[in-house]
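I want to get my bearings before anything else.

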Amino acid sequence: MLQQIIDRRLAGKNKSIGNRERFLRRYQGQVREAVRRAIDKRGIREIEQGEDIHLPKRDISEPTFGHGSGGAREIVHPGNKEYVRGDHIERPQGGSGRGSGQGQAGDSGEGEDDFVFHLTKEEFMQIFFDDLALPRLVRSQLVEMPEMKSQRAGYSSTGTPSNLSVIRSMRGAIGRRVAIGAGSRAELALLIAELAAMPEGSAEPAVLLAREVLETKITALRNRLDRIPYLDPIDLRFRNRVRLPIPTAKAVMFCLMDVSGSMDEARKDLSKRFFILLYLFLTRHYERIELVFIRHHTQAQEVDEEGFFHSTETGGTVVSSALVLMEEIIRNRYPTSEWNIYGAQASDGDNWHHDSGRCRQIVADQLLPLVRYFAYVQVAEPEQNLWEEYAQIAQTQRHFAMRKVLEPSQIYPVFRELFKKEGAPA
């Protein structure tokens, strides 16, 4: 028996999701190169955004097949007054959609534009992290929604039976009965006292009539009090709950980098990728994050992101100047009682040999008591005096870590090793 299954599930707003996935798989090389160019132009705060990538049409052209003419044929083109048999025809200047860029503008002719493809935020982050071998589990956590919690918000007159507050409802019912029957109970007490004051056994008609009237009023008041409902719908109170985002603490991330002549663009690119990963990692735990960029050669200064990544200096290197400036900024602007402070330092390890011992002292005695975590990444292979001094700190301090990164594929494994204990309560 032939069975036919029809899938009527909706594909969401983007009905071409299958085509998008095939396109990304087919041209992953060109898309990855476009993402790399986009990252070079972006700032750390702008990394989690979509991107319009431009692909040349020659890169996405598909091969075509056709039938050959076969055999030997002679074709005569009518109206040919310029060429005869045996002439060599020159190749046209320009072509394949590429103009020479010379001459004046005209109103005829056609151009050939690049193919524009928009990457969503999730697709952009996936391609960016694929270069760093990021597991899919972590990638999905980077785009999760903020966590919400249920919090009590008083009582409501409507709700589900499971949220009924019996004690609060009974308290309201008792108060209502007391308030409604207060006047009737006071009047009833007076009538009972007046009835008790009358002489018993009297046969006078006036006394009998007065007693009968009092008994009638007492009976009417008691019936009125009995008609007051014990529990009325207006007495019901339900526990009310609202969903609120979990409040998160504030965090500040200090980025320290050597910009002396020994730090070329390749090493700066490795440093930038590490800082980007650290920033994305902190955004998972803190709602508000501030960035402080400190660059240094022989002197340190606080700069913006553009000057941090794209400036080059010549001369020597004094790392302690950046550490001293970081401590001054923390003392003046970021009290530890209000901010969670993180430090990340990237360098090639080259430092003035008389300064490395002071760096170890500043980090161990002045910075580590103030920060939650301090990570040092060396983007060069040789182990110089700064590496040796920092190694002494790493042996005794658990919230100080240091690793080497020599190529982009090593950044995420090193990053994961540095922060593998971050899940513990702070």
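Here are my notes, in the order I looked things up.

**Ground rules.** This is a predicted model, so I use local features only at pLDDT of at least 70 and side-chain atom pairs only at pLDDT 80 or more, while totals for chains, interfaces and linings use all residues. Residues are numbered from 1 along each chain as its sequence is written, and side-chain values use heavy atoms, with hydrogens and water left out.

**Confidence.** I checked pLDDT, the predictor's confidence in each residue from 0 to 100. The protein's mean is 76, and 73% of its residues reach 70 or more. Helix H5 (residues 136-141) has the lowest confidence, at a mean of 40, and helix H10 (residues 320-333) the highest, at 92. Helices here are DSSP runs of H or I with at least four residues, strands are E runs of at least two, and both are numbered from the N terminus.

**Strand E6.** I looked at residues 288-296 and found seven of the nine buried, so E6 is largely enclosed by the rest of the structure. Buried means under 20% relative accessible area, with a 1.4 Å probe and protein chains only. Strands pair if DSSP finds at least two bridges between them. E5 (residues 250-258) runs parallel to E6, joined by nine bridges, and Val252 has Glu290 as its bridge partner. On to E7 (residues 300-303): this strand pairs antiparallel with E6 over four bridges, and a hairpin of three residues connects E6 to E7.

**The core.** I went for the largest nonpolar core, which has 36 residues; Met253, Met257, Phe275 and Phe308 have the most contacts inside it. Helix H8 (265-283) is among the contributing elements and gives the largest share, 10 residues. A core is a set of buried Ala, Val, Leu, Ile, Met, Phe, Trp, Tyr and Cys residues joined through side-chain atoms within 4.5 Å.

**Aromatics.** Rings of Phe, Tyr and Trp (its six-membered ring) pair if their centres lie within 6.5 Å; planes under 30 degrees apart are stacked, over 60 edge-to-face, and the rest tilted. I got nine pairs by this rule. Phe374 and Phe400 are stacked, 5.7 Å centre to centre with 15° between the planes. Phe374 is in strand E9 and Phe400 in strand E10, so this pair ties together parts 26 residues apart in sequence. Tyr376 and Tyr390 have centres 4.9 Å apart and planes at 75°, so I noted them as edge-to-face.

Terms used. Buried < 20%, exposed > 50% of the residue type's maximum accessible area, 1.4 Å probe, protein only.
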